[in-house]
Amino acid sequence: MGDMGGDQIQEAVADAVAALRPAAGERDWGVKAGRLDWSCRRTAEHIASDLIAYAGQIAGRPTDRYVPFRIDCAECEGPDDLLEVIEATGALLAAAVRTAPREARGFHPYPFRSANREGFAAMGIAEVLLHTHDIAEGLGIAYEPPAQLCEDVLTRIFPHVQPGPDHWRTLLWATGRGDLPGRAPVTEWRWNNNLVIPAERLTLQGVTPAAAADMRIGGTGGFEWIEGRPPEGTDVSSGLVVKAYERGKHRPEWGVFVLVRRSDGVAIGGMGFHGTPDDEGRVEIGYDLAEPVRGNGYATEALRALSAWALARDDVKKLLCAKIDRANTPSQGVVSRAGFTRVREDEEEYVYELRVGELT
């Protein structure tokens with residue numbers, strides 16, 4: 001599974017325009033677009049505005065605000081003109097995504113206030129697919145996008161949505177546009193860009209189901225790894241992310257994070273949680289680091305950053321770092337330096353905890 005980028009954006013736009021163009025001259029685009037309150041024309045203008053807005057965000061990379069890029073389509077004489085604007089703005093977003101560095105992030109308000117180039121590509125494609133559906137429904141014409149594009153969107157910005165046998169119907173259901181057997185109707189929804197937690201020399205970058213699935217089959221997950229591949233523990237954790245996603249149990253903020261070095265963008269290890277907090281507000285944490293970078297304090301730095309993020313939440317009362325082998329003295333040193341206290345031991349392992357208020 002490769003990166004999601006400019007090629008997919010242009011595929012989505014080309015497919016949408018091909019579906020809508022036959023209706024450009026013979027249908028009334030002033031009618032309501034599907035379940036929206038907007039007209040079909042207004043919805044087409046919205047697609048173009050979002051595509052140019054996302055291009056501006058990933059190109060300009062503001063970190064604290066959403067720059068209000070908008071397209072003025074007042075001079076568009078008809079639907080054909082609008083479709084040309086969508087093609088042009090789609091090309092701009094594709095170019096911005098292709099030229100953005102892998103580590104580039106721009107502001108997006110939900111849910112963690114930033115998105116990377118794959119996030120902006122996925123959001124742009126989602127706008128195209130979903131609003132083309134709305135327009136097509138309003139005009140009474142058929143439209144169904146490529147299934148792979150739908151899966152790409154779901155596995156990148158809908159990590160909390162359990163996949164179904166039909167990716168398009170799942171995406172429609174997840175955005176309140178359709179029904180799925182056995183699932184309650186959706187009345188409110190948001191997509192979910194990956195969480196990034198900053199540390200001094202690192203960033204901890206949340207692993208999406210798409211990246212996890214790629215790592216599970218031998219890929220890089222879109223990261224540049226110091227040894228070409230993720231360490232064994234991160235590989236195993238990625239498989240757990242995929243399984244949780246397939247069961248509809250994945251909660252991205254309680255998943256796996258890749259440790260990326262700020263100086264060169266190289267991934268050096270993984271860290272994450274073994275699930276969501278339990279009823280007592282306790283959650284287990286684990287990590288591994290590529291051998292060439294061990295002994296430089298990276299694991300301690302990342303563990304302190306992730307612990308601080310978790311302990312600031314209302315649903316966590318303490319972190320539990322478990323199953324550290326008694327013979328693994330380097331790992332014991334990491335958790336101790338990060339502020340964890342040994343609370344139990346058996347013949348093979350030590351158990352460490354960090355409670356709210358103990359992190360300094």
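Colleague: How many aromatic pairs does the count come to?
Modeller: The count comes to eight aromatic pairs. Keep in mind that this is a predicted model.

Colleague: Take Tyr54 and Phe120. How far apart are the ring centres?
Modeller: The centres of Tyr54 and Phe120 are 5.8 Å apart. Their planes sit at 50°, so the pair is tilted; edge-to-face would need over 60 degrees.

Colleague: Where in the chain are they?
Modeller: Tyr54 is in helix H2, residues 40–60, and Phe120 is in helix H4, residues 117–139.

Colleague: Is Tyr54 buried or exposed?
Modeller: Tyr54 is buried, at 3% relative accessibility. Phe120 is buried too, with a relative accessible area of 0%.

Colleague: What about Phe273 and Trp309?
Modeller: That pair is tilted, because the planes are at 40°. The ring centres lie 6.4 Å apart. Phe273 belongs to strand E7 (residues 266–273) and Trp309 to helix H9 (residues 298–311). The two are 36 residues apart.

Colleague: And which side of the burial cut-off is Trp309 on?
Modeller: Trp309 counts as buried at 18%, since buried means under 20%. Phe273 is buried as well, at 6%.

Colleague: Which residues form an aromatic cluster?
Modeller: Phe158, Trp189 and Trp191 form one.

Colleague: New topic: charges. What lies over the face of Tyr110?
Modeller: Arg190 does, 5.2 Å from the ring centre. Also, the charged end of Arg342 sits over the ring of Tyr350, at 3.7 Å from its centre.

Technical notes:
Residues numbered from 1 in each chain as written. Predicted model: local features only at pLDDT ≥ 70, side-chain atom pairs only at ≥ 80, totals over all residues. Heavy atoms only, no water. Phe/Tyr/Trp six-rings, centres within 6.5 Å; stacked < 30°, edge-to-face > 60°. Helix = DSSP H or I, 4+ residues; strand = E, 2+ residues; numbered from the N terminus. Buried < 20%, exposed > 50% of the residue type's maximum accessible area, 1.4 Å probe, protein only. Lys NZ or Arg CZ within 6 Å of the ring centre and 35° of its normal.
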